[in-house]
Amino acid sequence: MEHYLDNAATTRVCAEAAEAAVHAMTEVYGNPSSTHTLGRAANQLLTKARKQVSDALGCRPEELVFTSCGSESDNWAILYGAESMKRRGNHVISSAVEHDAVRKSLDLLESRGFEVTRLVPDRDGKITPEDVVNALRPDTILVSLMMVNNETGCVTDIAAIAKALKKAGSQALLHTDAVQSFLKVPFSAKNLGADMISISGHKIHAPKGIGALYIKNGLKIKPFIVGGSQENARRAGTEAMPQIAAFGAACEVSAAHMQENISRMLSLRTLALETLQRELPELVAIGGGAPHILSVSLPGWRSEVLMNVLETKEVYVSKSSACKKGGRSHVLEAMGIDSKVIDGALRISFSRFTTEEDILALCAALKEAHDTLAHR
């Protein structure tokens, strides 16, 4: 029996999202920009999905632009957010533990003459409002920090950072990569205080290939993709209606049961950690905070070897972000974690479909892998 525990990488598409996608592909298949009956029906579906997602995010529908993924949203927010403010300065603040979609956007900004300060977290992976304020300069124009770290689950208090920026009188725009926090950690765009928020569908049981960027009303940034006048002239290209409809459906069902899902995942996370620490006393827990991500390590062991053994038991976890494709974790290195701990790190991540049986299978398989390898 399969035990999938890599939900921070991607999630299984829920039935509601799959049904919505099929309906859009086979029944409401017109182009939303067409003015005939099928086009108007597609446009109505687009409007419905935008409201479903915006309701889940806690923003106005017109503040939400559909993108192809969280990475596109991050790229757009950072590259063109900085571009929109360049007359006021050229300094950007971020951190050393961001997703590669952010890190490589920052690299590109530097190649264009912007200065980037990458804050180093503490050993728990935290970036505090004080860290941000201490790094502020008169020419700081953008702050970009992820809300939940995709490898450790560490939570950054974006609302507190927004308040700190306002109190300091900073002109800087605030962007947050909320891909791992959307519908996993309670927040709303209205109360968060960020100017731009990136989210993604495939982390919440929608298909891959759909994301969104929240752009606060009044903020003007150039389109990332130019051409037609779709998305209120903010992102060109015919809307991916099957993915968008599925995203809306997934948001609606996830938002309706969010507190229940969070409690369930937190309970399973606690069960996993307590069981593993009891069975494997040398196990190290890394970071933490979000209910759906558990980062642990068996120092002295290679995570690839452990993952291979787990896979023979049909237990699926990862060692870091899926985008790294096996590369060493820059997140754990930035946190100052010992190299032996990094080399033995595993990321276990949950969803609303995760069961207690999955957790017990993981713990038994990891204990067996440890004991078997120890006697070789």
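Trainee: How do the axes of H1 and H9 cross?

Mentor: In this predicted model, the axes of H1 and H9 come within 7 Å and cross at roughly 150°. That angle is over 145 degrees, so H1 is roughly antiparallel to H9. H1 passes H9 in a right-handed crossing.

Trainee: Which residues meet in that pair?

Mentor: From H1, the residues are Glu16, Ala17, Ala20, Ala21, Ala24 and Met25. They meet Met241, Pro242, Ala245, Ala246, Ala249, Ala250 and Val253 in H9. By class, the contact of H1 with H9 comprises twelve nonpolar residues, no polar ones and one charged residue.

Trainee: And H2 with H9, how do those axes cross?

Mentor: Helix H2 covers residues 37–57 and helix H9 residues 241–256. Their axes come within 8 Å and cross at roughly 35°. The crossing of H2 past H9 is left-handed.

Trainee: Which residues of H2 and H9 meet?

Mentor: H2 contributes Ala42, Leu45, Leu46, Ala49, Gln52, Val53 and Ala56. On the H9 side are Met241, Ile244, Ala245, Phe247, Gly248, Ala249, Cys251, Glu252 and Ala255. The contact of H2 with H9 has 13 nonpolar, two polar and one charged residues.

Trainee: Let us move to H3 and H4. Are they roughly parallel or antiparallel?

Mentor: The axes of H3 (residues 70–84) and H4 (residues 100–111) come within 9 Å and cross at roughly 25°. The angle is under 35 degrees, so H3 is roughly parallel to H4. H3 passes H4 in a right-handed crossing.

Trainee: What does the contact of H3 with H4 have by class?

Mentor: It has eight nonpolar, three polar and one charged residues. The H3 residues are Ser71, Asp74, Asn75, Ile78, Leu79 and Ala82, and those of H4 are Ala101, Val102, Ser105, Leu106, Leu108 and Leu109.

Trainee: Val92 next. Where does it lie, and is it buried or exposed?

Mentor: Val92 lies in strand E3, which spans residues 91–95. Its relative accessibility is 0%, so Val92 counts as buried.

Trainee: What is Val92 in contact with, sequence neighbours aside?

Mentor: Beyond four places in sequence, Val92 is in contact with Leu106, Leu109, Glu115, Val116, Thr117, Ile141 and Leu142. Ile141 is 49 residues away from Val92 along the chain, with 6.0 Å between the C-alpha atoms. Two of the listed contacts, Leu106 and Leu109, are also among the H4 residues that meet H3.

Trainee: Changing topic, where is Leu5 found, and what surrounds it?

Mentor: Leu5 is found in the loop between strand E1 (3–4) and helix H1 (15–26). With a relative accessibility of 0%, Leu5 counts as buried. Setting aside neighbours within four places, its contacts are Val315, Tyr316, Val317, Arg347, Ile348, Ser349, Phe350, Thr354, Asp358, Ile359 and Leu362.

Trainee: Ser349 is in that list. How far is it from Asn150, C-alpha to C-alpha?

Mentor: The C-alpha atoms of Asn150 and Ser349 are separated by 9.7 Å, and the two residues are 199 residues apart along the chain. Asn150 lies in the loop between strand E5 (140–144) and helix H6 (158–167). Asn150 is buried, at 5% relative accessible area.

Trainee: What about backbone angles? What is the phi of His205?

Mentor: Phi of His205 is near 80°, a positive value in a residue other than glycine. Most residues other than glycine have a negative phi. His205 lies in the loop between strand E7 (196–200) and strand E8 (211–215), and His205 is buried, at 4% relative accessible area.

Trainee: And Asn232, is it buried or exposed?

Mentor: Asn232 counts as exposed, at 60% relative accessibility. Asn232 is not a glycine, yet has a positive phi of about 55°. Asn232 is found in helix H8, residues 230–233.

Trainee: Finally, which residues of H11 are buried?

Mentor: In H11 (residues 303–312), the buried residues are Ser303, Leu306 and Leu310. Seen down the helix axis, they fall within an arc of 65°, so they line one face of H11.

How values were computed. Residues numbered from 1 in each chain as written. Predicted model: local features only at pLDDT ≥ 70, side-chain atom pairs only at ≥ 80, totals over all residues. Heavy atoms only, no water. Buried < 20%, exposed > 50% of the residue type's maximum accessible area, 1.4 Å probe, protein only. Helix = DSSP H or I, 4+ residues; strand = E, 2+ residues; numbered from the N terminus. Arc of directions from axis to C-beta. Axes fitted to C-alpha atoms, helices over the stretch in contact; angles between N-to-C directions. Parallel < 35°, antiparallel > 145°, perpendicular 65-115°, else oblique. Left-handed = near helix turned anticlockwise from the far one by under 90°. Contact = heavy atoms within 4.5 Å. Nonpolar A, V, L, I, M, F, W, Y, C, P; charged D, E, K, R; others polar.
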